[in-house]
Amino acid sequence: MAQAARGGAQQAAGTITSNLLEAVPPNDLEHEQALLCSMIMRPDVIDDVGPLLTARDFYDEMHGRLYGVLYEMHGTNQRIDVKLVTAELKKRKLWDTKDR
């Protein structure tokens with residue numbers, strides 16, 4: 001009887017774990033956009049968030065791509081503005097208007 005109860009508990013735990021793995025991670029696209037806009041408007045913000053975030057931390061894949069490009073451009077002392085960032089995304093073949 002105890003073995004049956006233990007098996008049921010293991011099955012329930014497996015179901016909970018499975019459900020957690022399939023759950024959508026926390027995300028807030030508006031906050032992602034606000035951060036990226038801040039990074040474009042004031043590139044010194046990148047010094048503050050760079051040690052805390054990676055491109056994989058973004059829920060939206062395009063946001064992660066943009067973050068990666070901004071981070072790299074800032075790290076190599078390139079000027080950051082909308083036109084230059086767009087050109088860099090296109091150069092790296094990361095710009096996909098179908099994503100939008």
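Me: Is F58 buried or exposed?

Reply: Relative accessible area settles that: under 20% is buried, over 50% is exposed, and partly exposed lies in between (1.4 Å probe, protein chains only). F58 has a relative accessible area of 9%, so F58 is buried. Bear in mind that this is a predicted model, where local features need pLDDT of at least 70 and side-chain atom pairs count only at pLDDT 80 or more, while totals for chains, interfaces and linings use all residues. Residues are numbered from 1 along each chain as its sequence is written, and side-chain values use heavy atoms, with hydrogens and water left out.

Me: How many aromatic pairs does the structure hold?

Reply: An aromatic pair is described by the distance of the ring centres and the angle of the planes. Rings of Phe, Tyr and Trp (its six-membered ring) pair if their centres lie within 6.5 Å; planes under 30 degrees apart are stacked, over 60 edge-to-face, and the rest tilted. The structure holds two such pairs. One joins F58 and Y67, with 5.2 Å from centre to centre and 35° between the planes, and is tilted. Y67, at 2% relative accessibility, is buried. Y67 also pairs with Y71: here the centres are 6.0 Å apart and the planes 20°, which is stacked.

Me: Where do Y67 and Y71 lie?

Reply: An α-helix has 3.6 residues a turn, so residues three or four places apart point the same way. Y67 and Y71 are four residues apart in helix α4, about one helical turn. Y71 has a relative accessible area of 40% and is partly exposed.

Me: How many helices and strands does the protein chain have?

Reply: Helices (H or I, at least four residues) and strands (E, at least two) are DSSP runs, numbered from the N terminus. The protein chain has five helices and zero strands. Of its 100 residues, 26% are buried.

Me: Which residues of helix α5 are buried?

Reply: Helix α5 covers residues 82-91, and V85, T86, E88 and L89 are buried in this helix. These four span an arc of only 160° around the axis (taken from the directions from the helix axis to the C-beta atoms), which puts them on the same side of α5. The face turned away from that buried side carries the exposed residues K83 and K91. The cover over the buried residues of α5 includes α4 (61-75), where a contact means heavy atoms within 4.5 Å.

Me: What happens at the ends of α5?

Reply: D81 caps the N-terminal end of α5, with a side-chain oxygen 3.1 Å from the backbone nitrogen of K83. Just after α5, K93 takes a positive phi of about 60°.

Me: Which side chain meets that of D81 in a salt bridge?

Reply: Side chains of opposite charge can pair when their charged atoms come close. The cut-off for a salt bridge is a side-chain nitrogen of Lys or Arg within 4 Å of a carboxyl oxygen of Asp or Glu. The partner of D81 is R79, at 2.6 Å, N to O. D81 is partly exposed at 21% relative accessible area, while R79 is exposed at 59%.

Me: How many salt bridges does the structure hold?

Reply: The structure holds six. One of them joins K91 to E88, at 3.6 Å, N to O. K91 and E88 both sit in helix α5, three residues apart, about one turn of the helix. K91 is exposed, at 62% relative accessible area, whereas E88 is buried, at 11%. The side chain of E88 also meets that of R92, at 2.7 Å, N to O. R92 is partly exposed, with a relative accessible area of 29%.

Me: Which residues are linked in a network of salt bridges?

Reply: The network links E72, E88, K91 and R92.

Note on methods
Polar contact = N/O pair within 3.5 Å; in protein donor to acceptor, adjacent residues only side chain to side chain.
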